[in-house]
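Hi everyone, thanks for coming along. Please have a look at the model on the screen, and then I'll walk you through a few places in it.

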Amino acid sequence: MPQSTHTRTDVTRVAWILFATAFAAGAVDIIGFAILGGVFASAMTGNFALLAYHFAQGNTLSAIGSVIALIGFIAGCIVGFTLRRGRSRRATINLLLATETGLLLVFALYSLWSTPVALLSAMRLQIVILAVAMGVQAVVGQMVSHSTIVFTTTLTRLVGGITDAIVSRDSTGLAEVRDQITLVASYLLGALLAGILAVHKMGGVVFLPLGGVAVAFAAHCFFHRR
């Protein structure tokens, strides 16, 4: 395969991974906040803030949810970095996306199966599964050089790129700005769809994160075959 074609394929593959996993992260955060007791399963900065707020209120029950999400996320990162050892970049990303897809499938099926009688324990288990999946996704983002769960840095780069292009009158950096805008838009789209489904109490919301990561996994496998 010519070098230029190989490079274009690699860029397309990474773009699919970034946009699809960003979509999943947006859906996960809405599910955690709207359905699972007001926690964020991917945005750990928000969890730290909520944890401090709940402790200040003396609301131990709500604080436990944030603690569980933090522990789950850390566990997911440990799993991701462990799976990364001794493997090629291609094999690692395949394995990490497959692992995350499996976790989100378990989450979706368990969410549909769990009964109202065990609501609190079921919610906590769902938080753990989502947080572990997002920890694994964080490792994937590190490997492709863009985070799909922390958007403060992405927003900073986006504003910086636009500002530099205007001040210097040089549009060469706008290609990266376009990717960053699409990344943020993918997260917002996942959050919006999850919010709409959650507001209308539609059970299909639990399959949105799975769909996003499954697309990323399929794109990674497809473009490597090509």
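A word on the ground rules. This is a predicted model, so local features need pLDDT of at least 70 and side-chain atom pairs count only at pLDDT 80 or more, while totals for chains, interfaces and linings use all residues. Residues are numbered from 1 along each chain as its sequence is written, and side-chain values use heavy atoms, with hydrogens and water left out.

Let's start with helices. Two packed helices are described by the angle between their axes and the distance between the axes. Helices here are DSSP runs of H or I with at least four residues, numbered from the N terminus. An axis is a line fitted to C-alpha atoms over the stretch in contact, and angles run from 0 to 180 degrees between N-to-C directions.

Please find helix α2, residues 44-57, and helix α3, residues 60-84. Their axes come within 8 Å and cross at roughly 150°. That makes α2 roughly antiparallel to α3, a label for angles over 145 degrees. The crossing is left-handed, meaning that the near helix is turned anticlockwise from the far one by less than a right angle. On the α2 side, the contact (heavy atoms within 4.5 Å) includes Met44, Phe48 and Phe55; on the α3 side, Val67, Leu70 and Phe73 are among the residues involved. By class, this contact has 10 nonpolar, four polar and no charged residues. Here Ala, Val, Leu, Ile, Met, Phe, Trp, Tyr, Cys and Pro count as nonpolar, Asp, Glu, Lys and Arg as charged, and the others, Gly among them, as polar.

Now for α4 (residues 89-113) and α5 (residues 119-143): they pack at an angle of about 160°, with axes 9 Å apart. α4 and α5 are therefore roughly antiparallel to each other, and α4 passes α5 in a left-handed crossing. Their contact divides into 19 nonpolar, four polar and two charged residues.

Next, the rings. How many aromatic pairs does the count come to? It comes to two. Rings of Phe, Tyr and Trp (its six-membered ring) pair if their centres lie within 6.5 Å; planes under 30 degrees apart count as stacked, over 60 as edge-to-face and the rest as tilted. Phe33 and Phe40 have ring centres 5.3 Å apart and planes at 15°, so this pair is stacked. Tyr110 and Trp113 form a tilted pair, 5.6 Å centre to centre with 45° between the planes. Both of these lie in α4, three residues apart, about one turn of the helix.

Is Tyr110 buried or exposed? Tyr110 is buried, with a relative accessible area of 19%, as buried means under 20%, exposed over 50% and partly exposed in between, using a 1.4 Å probe and protein chains only. Trp113 is exposed at 63%.

Last, two single residues. Gly212 lies in helix α8, residues 208-225, and is buried, at 5% relative accessible area. Gly212 touches Ala20, Phe23 and Ala24, not counting residues up to four places away in sequence. Lys201 lies in the loop between α7 and α8 and counts as exposed, at 76% relative accessibility. Phi of Lys201 is near 55°, a positive value in a residue other than glycine.

Key
Helix = DSSP H or I, 4+ residues; strand = E, 2+ residues; numbered from the N terminus. Parallel < 35°, antiparallel > 145°, perpendicular 65-115°, else oblique.
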